[in-house]
Amino acid sequence: MSQGRREELELLYPWYKEEVFRRRERMMWLTACTSGVLVLVLVIVQVFPMPATSKTTAALVCLGVALFSGIMAYLIVQQRARHLMAKQVLITIEQELGLYEKGRHLEDSALYPKEWQTAWKQDISVGIYLAVLAGLTGLVMAVVLWR
């Protein structure tokens with residue numbers, strides 16, 4: 001690898017590393033904020049007495065909750081797609097810099113474990129985030145409909 005190419009990769013590496021972490025953090029914050037809103041709605045519906053509502057009103061409230069959760073789930077999935085793209089570029093840069101090559105930076109071992117190149121393929125966190133949102137959305141809708 002030429003010196004100019006190495007310098008370019010060393011310049012890009014921290015940017016992509018930060019991008020990967022920022023996208024992951026954004027997914028977590030979107031999940032936490034959405035969950036917080038849904039729990040707050042759940043508490044408000046349970047704690048405060050509500051006037052009798054029609055089935056139409058309850059259905060509209062449920063539709064609103066489902067739309068809110070759907071939009072937030074879409075934003076999480078969008079962040080995941082960008083996270084994965086940045087992750088793939090980051091791994092390519094790490095490979096080019098020899099961070100996975102045994103003996104290149106450390107004697108008799110690689111700087112990064114080989115598993116890091118594929119570990120992201122087994123990540124189920126987004127599925128967990130979406131399952132939590134779906135569960136809370138279902139709870140809120142059930143409480144609204146049975147109230």
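What follows is a friendly set of questions and answers about this predicted model.

Student: Before we start, what kind of model is this, and how are its residues numbered?

Tutor: This is a predicted model, in which local features need pLDDT of at least 70 and side-chain atom pairs count only at pLDDT 80 or more, while totals for chains, interfaces and linings use all residues. Side-chain values use heavy atoms, with hydrogens and water left out, and residues are numbered along each chain, as its sequence is written, from 1.

Student: How far apart are the end C-alpha atoms of helix α2, and what span should the helix have?

Tutor: Helices here are DSSP runs of H or I with at least four residues, strands are runs of E with at least two, and both are numbered from the N terminus. The expected span is 1.5 Å times one less than the number of residues, so the 42 residues of α2 (residues 55–96) should span 62 Å. That agrees with the separation of the end C-alpha atoms, which is 61 Å.

Student: Which residue other than glycine has a positive phi near 65 degrees, and is it buried or exposed?

Tutor: The residue is D108, and it lies in the loop between α2 and α3. Buried means under 20% relative accessible area, exposed means over 50%, and partly exposed is in between, with a 1.4 Å probe and protein chains only. D108 has 61% relative accessibility, so D108 counts as exposed.

Student: Is T34 buried or exposed, and which residues does it touch beyond its sequence neighbours?

Tutor: T34 lies in helix α1 and has a relative accessible area of 0%, so T34 is buried. Its side chain reaches the backbone oxygen of L30 at 2.7 Å. Contact means heavy atoms within 4.5 Å; not counting residues up to four places away in sequence, T34 touches F68, M72 and L133.

Student: Which backbone oxygen does the side chain of T31 reach?

Tutor: T31 is in helix α1 (residues 3–47), and with a relative accessible area of 8% it is buried. Leaving aside neighbours within four places in sequence, T31 is in contact with I76, Y129 and L133. At 2.9 Å, the side chain of T31 reaches the backbone oxygen of M27.

Student: Where is F68, and which residues is it in contact with?

Tutor: F68 sits in helix α2 and, at 31% relative accessibility, counts as partly exposed. The C-alpha atoms of F68 and V37 are 31 residues apart along the chain and separated by 9.9 Å. With neighbours within four places in sequence left aside, the contacts of F68 are T34, V37 and L38.

Student: What separates the C-alpha atoms of V37 and S69?

Tutor: V37 belongs to helix α1 and is partly exposed, with a relative accessible area of 38%. V37 and S69 are 32 residues apart along the chain, and their C-alpha atoms are separated by 9.8 Å.

Student: Is V126 buried or exposed, and which residues is it in contact with?

Tutor: V126 lies in helix α3, and 8% relative accessibility makes it count as buried. Its C-alpha atom is separated by 9.5 Å from that of A73, 53 residues apart along the chain. Leaving aside neighbours within four places in sequence, V126 is in contact with M27, I76 and R80.

Student: What is the volume of the largest pocket, and which element gives the most to its lining?

Tutor: On a 1 Å grid over the protein atoms alone, a pocket is an open set of points with protein on both sides within 12 Å along at least five of seven lines, and lining residues have an atom within 4 Å of a point. The largest pocket has a volume of about 210 Å³. Two or more lining residues come from each of α2 and α3 (125–146). The element that gives the most, with 4 residues, is α2.

Student: How far apart in space are A52 and R147?

Tutor: Both A52 and R147 are among the residues lining the largest pocket. A52 is in the loop between α1 and α2 and is exposed, with a relative accessible area of 84%. A52 and R147 are 95 residues apart in sequence, yet their C-alpha to C-alpha distance in space is 8.5 Å.

Terms used. 1 Å grid on protein atoms, 1.4 Å probe; cavity = no way out; pocket = protein on both sides within 12 Å on 5 of 7 lines; lining within 4 Å. Points joined across faces, edges and corners; volume = space filled by probe spheres on them. Polar contact = N/O pair within 3.5 Å; in protein donor to acceptor, adjacent residues only side chain to side chain.
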